[in-house]
Structures are given as C-alpha cells and as structure tokens.
Amino acid sequence: MTRTDHADGDADLVVHHGRVLVLDEHFREAEAVAIRDGRVLAVGTARDMLRHAGRRTDVIDAGGGTVLPGINDGHLHLNAHGLSVPPFTVDVDKASIGELVAEVRAAVDTARAPDAWIRGRGWQELRLPRAPIAADLDPVSGDRPVVLDDFSGHAVAVNSAALRRAGITRDTVPPSGGVIDRDADGEPTGVLRETAQDLVRRVVPSFTREERSRAVDAAVRILHSQGITSTTEPGIDLATLALYAEKARVGDLPLRLTALLSAGTGPRSLRDVLTGYEPPHGVDPRTLRVAGVKVFADGIPRFRTAWMNRPYLDGENGALTIDGASPEEQIANLREMVEIAARAGLQVGTHACGDATTDAVVAAYARAGRHRPPADPRHYVIHCNFPSARTLWTMARHGIGANMNAELLHLQGRVLESIIGSDLAEYQWPYRSALGAGVNVTSGSDAPVVAPHWLRGVMTAMLREGADGSVAGEAERVTLPEALATYTRTVAWQDHAEHWKGTLEPGKVADICVVDGDLLDVAPRDLPDLRVTTTLVGGRVVYERARTTTATLAFTAPRTNGHACDDGEKCCCRVSEEILR
C-alpha cells in the first residue's frame, strides 16, 4: 500500500491498477475505486480517482487483476463449515472402506477421553463401493460411539455402540421421510438417511460453545481467503443465532450474515421456534440479520429421497420430509408452515430438490401471497434441481427466487445419470431456463457439502462441466456476467439488501474481492486457477494473500492475514489448523 496527499473528505483508500467490475445490470467497467468511511465513494478511471486521493489516502495496487464486489455465497452453513474440518471432525472422504476405517482407527487411538464420540464427515456413497456400516466400524471402535456424516448431510453412518445409545433396534420405526438401512435379516446396518438421522443426533453430545466460536472464526478466515464477504445461511437454531449475535456485538464477526431460522418439520415445530425467537439486540443488521425461516421439504436425488413426479430409474419416487401420514397431509402442513411465516412477515427458503417438491413449494408460496400478501417476501426455492418450465414461469410471476448450486454440479457432473436418467442429468440446475423465464437466480456452495469455491462455480455455470470432464446440459450454459451476478447482485436481492451491497456503485458498502487475473480475458476453464489476493469488508482489509515475490505490499489498515489456498480442497483444513493452534 502506498500513500498520497490527503485532505478532509478525500478517500480513505483507493484500489487501482486493475479491471473494476461494478457488476450492475449494465456490467459497467472502471479502472479504480475510491472508498471513504467504509463505502464506495466513486468508481472511474485512474485519473478520475487521483482527485479523491490525499496525504492520508491508502492505495492498493490490484496488480492488473480484477476488482469486483465481495462475493456473497447464497447458501452456506457457516458454523457447520468450521466444525467440518480438523481438529473438530475427522475427514473420511476416502476411496475405499479400508481407508475410511483406518481414519476411524487413528481417531480412536488418539482420542483423549475414553467415552468421547468419534466424529467424522465426508464419505460419498458413489465414490465408495457402498456406504460404511457398523460391521466395518465395530472392530476398530469397540464400545466408543462413532458417527460419520456423509458429504451431503443427508445420511450418517454409525457403529453399534452409537446404535445402542440411540436405542435403535430392528423394531425402530423411522420418522416421516426417514430411512433406516437394514440388512437381509432386518437389522439396522448403521446407515440412517434424511430425518432418521435425528434418532442418533439427539444423543450425540453438542460441541461446546467455545468450540463452536472457534469454528466460526476458522470458517470466516476460510471465506475471506476466497473473497467471500457475505453469506446467506439457511436453517440455524436459536443457540447458533445467539452465538453469532454475541460475536457481532463485540465486533468479532467480520462478515455479513443473513440467516434463516430452522423451521423444523411441521407447523408445531415452526410455532415453537417463533415463540422462542427474539431479534438480536445491539447488532448492526448489516452484519447479522434474520430474514426468515428455512423449511426442509425433501431429500436429495443421490439417495432417491427427493420427491419426484416421475419415478427414478429404479421405480421409486422419493418423499417429502414434512410431518404427515400421507403426501396430502404433508402438503397441507407445508402450506400451513409457509402461511405461518408469511403472517409473521418472514421470508421462506425451502429445500426442494425433487420436481414434485418444487411444484408443491411454489404453489404454497403463491397461495400464501394470494391469501395474505406480505410486502415483497422474496421467498425462494433452495437447490431447485429440476423445476419445470411451467413452474419457472410461476416463480417469475410471483417474484419467487431460485438458489442453485453450480459448485455441486461440478462435483457430480453426470454421475447421477444412472439414478435420474439422461434427460434430467442434462437439465439439473437449469440456470439458463430459469434466467430466461425471468427468475432471480442465486448461487451457493452449500458448504460444508463442498468447499466454497465461487470461481469454480462460475466456470461450471458457464461450461456445465463436472470434475470428471463430463458435460451436463450445454443448453443451460450462461455467460460470465450472468454467472457473476448470481454470486453478487442477485444474492443481495435475495437478502433484501440490494440497496446497500452487491455492486460497486457509489454509496454501497466497500466489500471488495481482488483476483489475480482478468476474469474477462481468461478462458472459463482456467477460472478456478485464479487466486484471490485481497479481500475487504467495509473498506477494511481482512485478507491479503502472501506473495512469493519480494515486492510485497505493506498494508497499514487493520487486517487479519489469511492463508493462500494454493493446494485445492485441502486448503480449508490447513487454514483452520493454523488458526486453532
């Protein structure tokens, strides 16, 4: 950072020597951006910005890279992301059952307390030959309980000790929408899917408040290293909200967080949540704001638990996860939940992967708007994997948004083709169709399901290529400006915050991400190779990537040094370990 002359009223900071993408609807470009009091003062040519610089003005050289608004991950579980990496959780994303079991054995051998639970996360059923079961885990765990989340959060594998503590036997009936995997003799294998996971989770000890606080810090540092300055977190409980509020009050939450409270599985649970909810006091709503509630309506296509109009290739249709003894009763309860939230003036985001679920959710949103129209609620469908053309038209007509997941599309490519068929494999997460229908589309990583890597998401939205090189839906490709908008301007709309964040227009908060290459000139396939060099929140540098040359920039603004993510997915683990030493 360098300094120039400064007079009262001039800029506190100027970012220059880069291509500035304002990311407004006209996709305007500039050469530099001036910042004062945490807001964008002006954007324009480098010459124009000189008149805003004075003796006390700090200057950041973008190094010929791209300067754009801070990234807003539209679907990210902040606390869970921090808790998903060591030292809190063992990484069990392995290619074989033997490797997975070896990780569990190592965790058992190094566990300090004799009765401590072994927690792991990351196994993928389509990567492994099958899901890990209790018979695999028992020989290395003995009486110590083991609970291993799959990568998606929709299934858990446990050992026999955990089954016993949860009281799960061959006679246990799963809750609505849940599945207990059983062997040929009818005994539970240790794999629990969807709502059946709650049978075990209710007996797993919670992380301490100190652990959760440290995990939030770790997650924020990871996000800053990726240029992410805002997140939208769906489905938090009141204890997590209290933790966020406490950190925000003391200035220990350097991130903008819009949250949806977890609504539970039916009208009764939602009423209980709203009865216990009190808006955070003494907190800047631009740091932490509760926008509404999240409803969890079905499962995921990978497990055939997303509710589909037409059966999967094996003949199953999946099911709703809402309380109720029949689909009709579940839909009635879904409608009531939406109406309860609407009457309270709250936004609703609903997890809906299957097309039948999306139809039901959109109908419930439209119905609530007709009966008691709230003021611009901006309800949205979370995931929205397979919306029909008719449903997309209804969404656009009623101002219903779609939160899609290009980063998940990159992970799976066409791997689900054997489950959903070729037509749906081509259509999944239909960005182009949704935008063409006039739907406001946002993007989110769903971290910790996948690491939050928005540049990879932008590439995938443009090319529709999976990690394995397969192409899933050329017709659904979008342009670079359209993809970037789903991570910036449109997420601000989803958060009811487009008047103060999401673009680099004068007057908006100076949340900025600087990337070390020209996004408009680089080939889309090379976008994930670019690195974030600097991240600012409210005009303050919160991350600076370590440089390998001797010409380093000396930032005088208060900052927290981050960790350069140079080695792919393992970066997040290394960052958290460094923070928690």
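User: Is Asn 79 buried or exposed in this model?
Analyst: This is a predicted model, in which local features need pLDDT of at least 70, side-chain atom pairs count only at pLDDT 80 or more, and totals for chains, interfaces and linings use all residues. Residues are numbered from 1 along each chain as its sequence is written, and side-chain values use heavy atoms, with hydrogens and water left out. Buried means under 20% relative accessible area, exposed over 50%, and partly exposed in between (1.4 Å probe, protein chains only). The relative accessible area of Asn 79 is 5%, so Asn 79 is buried.

User: In which helix is Asn 79 found, and which residues does Asn 79 touch?
Analyst: Helices (H or I, at least four residues) and strands (E, at least two) are DSSP runs, numbered from the N terminus. By that numbering Asn 79 is in helix H2. Contact means heavy atoms within 4.5 Å. Not counting residues up to four places away in sequence, Asn 79 touches Arg 212, Ala 215, Val 216, Glu 233, Thr 240, Leu 243 and Tyr 244.

User: At what angle do helix H7 and helix H8 pack?
Analyst: Two packed helices are described by the angle between their axes and the distance between the axes. Axes are lines fitted to C-alpha atoms, for helices over the stretch in contact, and angles run from 0 to 180 degrees between N-to-C directions. For H7 (residues 209-225) and H8 (residues 238-249) the axes are 11 Å apart, and the angle is about 65°.

User: How many nonpolar, polar and charged residues are in the contact of H7 with H8?
Analyst: H7 contributes Arg 209, Arg 212, Ser 213, Val 216 and Asp 217, while H8 contributes Ala 239, Thr 240, Ala 242, Leu 243, Tyr 244, Glu 246 and Lys 247. Ala, Val, Leu, Ile, Met, Phe, Trp, Tyr, Cys and Pro count as nonpolar, Asp, Glu, Lys and Arg as charged, and the others, Gly among them, as polar. The contact has 5 nonpolar, 2 polar and 5 charged residues.

User: Which elements are included in what covers the buried residues of H8?
Analyst: The buried residues of H8 are Thr 240, Leu 241, Leu 243, Tyr 244, Ala 245, Lys 247 and Ala 248. Their cover includes helix H2 (78-83), H7, strand E16 (228-236), strand E17 (256-262) and strand E18 (288-296).

User: How far apart are the end C-alpha atoms of H8?
Analyst: The expected span of a helix is 1.5 Å times one less than its number of residues. H8 has 12 residues and should therefore span 16 Å; this agrees with the separation of its end C-alpha atoms, 16 Å.

User: What kind of pair do the rings of Phe 88 and Phe 207 form?
Analyst: Rings of Phe, Tyr and Trp (its six-membered ring) pair if their centres lie within 6.5 Å; planes under 30 degrees apart count as stacked, over 60 as edge-to-face and the rest as tilted. The count comes to 1 aromatic pair. Here the centres are 6.1 Å apart and the planes at 85°, so the pair of Phe 88 and Phe 207 is edge-to-face.

User: Where is Pro 87 found, and what is omega for the peptide bond from Pro 86 to Pro 87?
Analyst: Most residues other than glycine have a negative phi, and most peptide bonds are trans. Pro 87 is in the loop between H2 and E10. The peptide bond from Pro 86 to Pro 87 is cis, with omega near 5°.

User: What is the phi of His 383?
Analyst: His 383 is in strand E20 (residues 380-383), and is buried, with a relative accessible area of 4%. Although His 383 is not a glycine, its phi is positive, about 85°.
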